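Let's take a friendly look at ring pairs and pockets in one protein model. Have the sequence and the 3D view ready as you read.

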Amino acid sequence: MVEILFVHGALVRDGAWWWAPAARAVEERLGVRSWAVALPSCGEGAPAGTAGLVEDAAALRVALDAADGGAVVVGHSYGGTVIAEGADHPAARHLVLISSYLPDPGQAQAAILGGEPDPVAVEADVDGTVALAGFDVAGFAARFLQDVPDEAVRAAAWERVTRQSAAALGTPTTRAAWRGRPSTYLVCTDDRSTTVGLQRRHAARATRSVELPTGHHPFLARPDLVAAELEQVLRTLDAAR
């Protein structure tokens with residue numbers, strides 16, 4: 001049976017928490033299991049500053065090795081860069097990118113965001129990590145979660161913000177797994193982090209794109225919309241068997 005593999009974005013940890021609302025909805029309706037890939041660059045299974053994009057992509061490939069029935073690979077934000085590098089794998093049946101990127105080989109995450117008019121500020125540490133700069137829980141919510149009304153969810157999201165290896169953001173990709181593979185891009189039109197223009201440029205590389213009236217984290221704000229798109233992908237894959 002096809003599974004879903006979720007890849008979270010930059011500077012956060014605990015992917016299973018972020019994706020849970022949408023993942024539950026898909027499992028309840030279609031019985032499809034899902035897993036969240038732990039990213040070593042975010043300190044998940046590796047000391048801070050010791051792992052980067054290469055290790056994140058390797059973690060995704062290990063997860064795909066275990067997906068005997070194939071997988072829909074879903075990436076949020078930086079997760080799309082991990083997918084580009086790590087999802088060139090026969091088990092990756094369909095890619096779903098959410099406010100994310102489909103980079104060409106040789107592009108680094110930091111370079112992709114270099115032209116943004118109001119980039120998210122980060123600060124570097126001597127241990128080789130970077131962290132969000134100048135944010136508290138209210139500022140984080142205003143920029144990334146403005147359409148998530150539940151204060152408890154906003155607070156829980158802030159608790160999962162973490163440092164990340166600078167190598168994850170500065171390492172150029174060597175592959176473009178999205179080429180020649182079906183993909184769906186979810187453009188978040190109220191996103192205050194990644195501009196709609198940048199999203200649409202990357203969405204034009206996908207097989208199909210859909211625009212959602214949400215901020216940067218639609219799987220928290222409108223998990224029903226994300227679940228509906230995932231269900232459509234899964235039903236299409238099932239029909240093609």
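## Sorting the residues

In what follows, Ala, Val, Leu, Ile, Met, Phe, Trp, Tyr, Cys and Pro count as nonpolar, Asp, Glu, Lys and Arg as charged, and the others, Gly among them, as polar. The model is predicted, and local features need pLDDT of at least 70, side-chain atom pairs pLDDT 80 or more, while totals for chains, interfaces and linings use all residues. Residues are numbered from 1 along each chain as its sequence is written, and side-chain values use heavy atoms, leaving out hydrogens and water.

## The second largest pocket

A pocket is an open set of points on a 1 Å grid over the protein atoms alone, where a 1.4 Å probe fits, with protein on both sides within 12 Å along at least five of seven lines; lining residues have an atom within 4 Å of a point. The second largest pocket is lined by Met1, Val2, Leu30, Val32, Leu234, Arg235, Leu237, Asp238 and Arg241. Six of these lining residues are nonpolar, none is polar and three are charged.

## Aromatic pairs

The whole structure holds six aromatic pairs. Rings of Phe, Tyr and Trp (its six-membered ring) pair if their centres lie within 6.5 Å; planes under 30 degrees apart are stacked, over 60 edge-to-face and the rest tilted. Trp17 and Trp18 are edge-to-face, because their ring centres are 5.0 Å apart and their planes stand at 85 degrees.

Phe140 and Trp158 make a tilted pair, with 5.5 Å between centres and 55 degrees between planes. Ring pairs also join Phe135, Phe140, Phe144 and Trp158 into a cluster.
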